[in-house]
Amino acid sequence: MFPPVSLDVSTAIKTLVLTLDLLGTFVFALSGAVAGVRRRLDLFGVLVLSFVAANSGGIVRDVLIGATPPAAIRDWRYLAASLLAGVWIFFWYPSIRRLRSPVLIFDAAGLALFCVAGAQKALVFGLSPVAAALLGMLTGVGGGVARDVLLSEIPAVLRSDIYAVAALAGAAVMVTGDALGVPGTVSACAGAALCFGLRLAAIKLDWHLPVAHLPRQAADDAAAAKRRDGR
């Protein structure tokens, strides 16, 4: 007879959160670095953008739940993952140019990983399911917002794209699975897959949330201002 195998559930959950966090950090760092290279930033600028895009959401999450100092500052692996992604993109960007819209693809993958990781970590710290889902969404969108702000772009979460809604849906699957007793790995994979699929479908099929309808004159003024900014 084999001796019974004991499983430390707490350690397994912490390992799952760390794995999702590091994967999301690396993928979001790729999106930040690609955006920096496209804007022709120097090496330092690309590395800064990769770190900010990869860790802003996680830092905000950790501060809000009281996990201080934030993991992105406390654990060297977050910095290493961010810098590794930035260096790879800076020197070998042509190798990924064949991907269609690489920034959007990496961003969607990072969004999916971070929304479930943020929700799972919030649950570990005792937040309610609703608060955990909202914090998962915030974790997912934080990096993209910081990246877009640094590049003087309107953040995707503030536009009509299906972005924050996809993150909220993925986080909701994560917390629902936890409430139903579904293994954390299964819930995380299902939530990440849903978020990633929604985001890619929104990009491919041009799904948008409703936008405000401007009066004709206001719409013409907005279009004229946009043309002036593009010159």
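This is a predicted model: local features need pLDDT of at least 70, side-chain atom pairs count only at pLDDT 80 or more; totals for chains, interfaces and linings use all residues.

First, the overall architecture. The secondary structure consists of 9 helices and 0 strands. The protein has 231 residues, and 43% of them count as buried. As for how the chain meets itself, consider the contacts between residues at least 6 apart in sequence: 75% of these join residues at least 24 apart. The accessible surface comes to about 12600 Å², and carbon and sulfur atoms account for 68% of that area.

I turn now to the charged side chains. In general, side chains of opposite charge can pair when their charged atoms come close. How many salt bridges does a search of the whole structure find? The search finds 6, and I shall discuss some of them.

Please look at aspartate 62, which lies in helix α2. Its side chain meets that of arginine 61 in a salt bridge, with 2.9 Å from N to O. Aspartate 62 also forms a salt bridge with lysine 121, where the closest N and O atoms are 3.1 Å apart. Helix α2 covers residues 43–65, whereas lysine 121 belongs to helix α5, residues 102–124, so this second pair ties together parts that are 59 residues apart in sequence. Taken together, Arg61, Asp62 and Lys121 are linked in a network of salt bridges.

Setting aside neighbours within four places in sequence, aspartate 62 is in contact with Ala67, Thr68, Pro70, Ala71 and Lys121.

A further salt bridge joins the side chains of arginine 147 and aspartate 107, again with a distance of 2.9 Å from N to O. Arginine 147 is in helix α6, residues 129–150, and aspartate 107 is in helix α5, so the pair ties together parts that are 40 residues apart in sequence. Both partners are covered: arginine 147 counts as buried at 5% relative accessibility, and aspartate 107 counts as buried at 3%.

The structure holds 1 cavity of 30 Å³ or more, and the volume of the largest cavity is about 60 Å³. Which residues line this cavity? The lining is made up of Asp21, Thr25, Ala54, Asn55, Gly58, Ile59, Arg61, Asp62, Ala71, Ala72, Tyr78 and Phe114. The elements that give two or more residues to this lining are α1 (9–38), α2 and α3 (71–74). Helix α2 gives the most, with 6 residues. By class, the lining has 6 nonpolar, 3 polar and 3 charged residues.

One lining residue deserves a brief description of its own. Tyrosine 78 is found in helix α4, residues 76–92. Tyrosine 78 is buried, with a relative accessible area of 4%. Not counting residues up to four places away in sequence, tyrosine 78 touches Leu18, Asp21, Leu22, Thr25, Asn55, Ala71 and Ala72. Tyrosine 78 and alanine 54 are 24 residues apart in sequence, and their C-alpha atoms are 8.5 Å apart in space.

Finally, I come to the largest pocket, which holds about 350 Å³ of space. Of the 22 residues that line the pocket, the closest to its centre are Val103, Leu104, Ala156, Arg159 and Arg199. The elements that give two or more residues to the pocket lining are α1, α5, α6 and α8 (184–205). By class, the pocket lining has 10 nonpolar, 2 polar and 10 charged residues.

To close, I would recall two points. Thank you for your attention.

Definitions and conventions
Residues are numbered from 1 along each chain as its sequence is written. Side-chain values use heavy atoms; hydrogens and water are left out. Helices (H or I, at least four residues) and strands (E, at least two) are DSSP runs, numbered from the N terminus. Buried means under 20% relative accessible area, exposed over 50%, partly exposed in between (1.4 Å probe, protein chains only). Contact means heavy atoms within 4.5 Å. Accessible areas come from the Shrake-Rupley method with a 1.4 Å probe; for residues, only the protein chains shown count as cover. A salt bridge is a side-chain nitrogen of Lys or Arg within 4 Å of a carboxyl oxygen of Asp or Glu. On a 1 Å grid over the protein atoms alone, a cavity is a set of points where a 1.4 Å probe fits but cannot get out, and a pocket is an open set with protein on both sides within 12 Å along at least five of seven lines; lining residues have an atom within 4 Å of a point. Grid points are joined across faces, edges and corners, and a volume is the space filled by probe spheres set on the points. Ala, Val, Leu, Ile, Met, Phe, Trp, Tyr, Cys and Pro count as nonpolar, Asp, Glu, Lys and Arg as charged, and the others, Gly among them, as polar.
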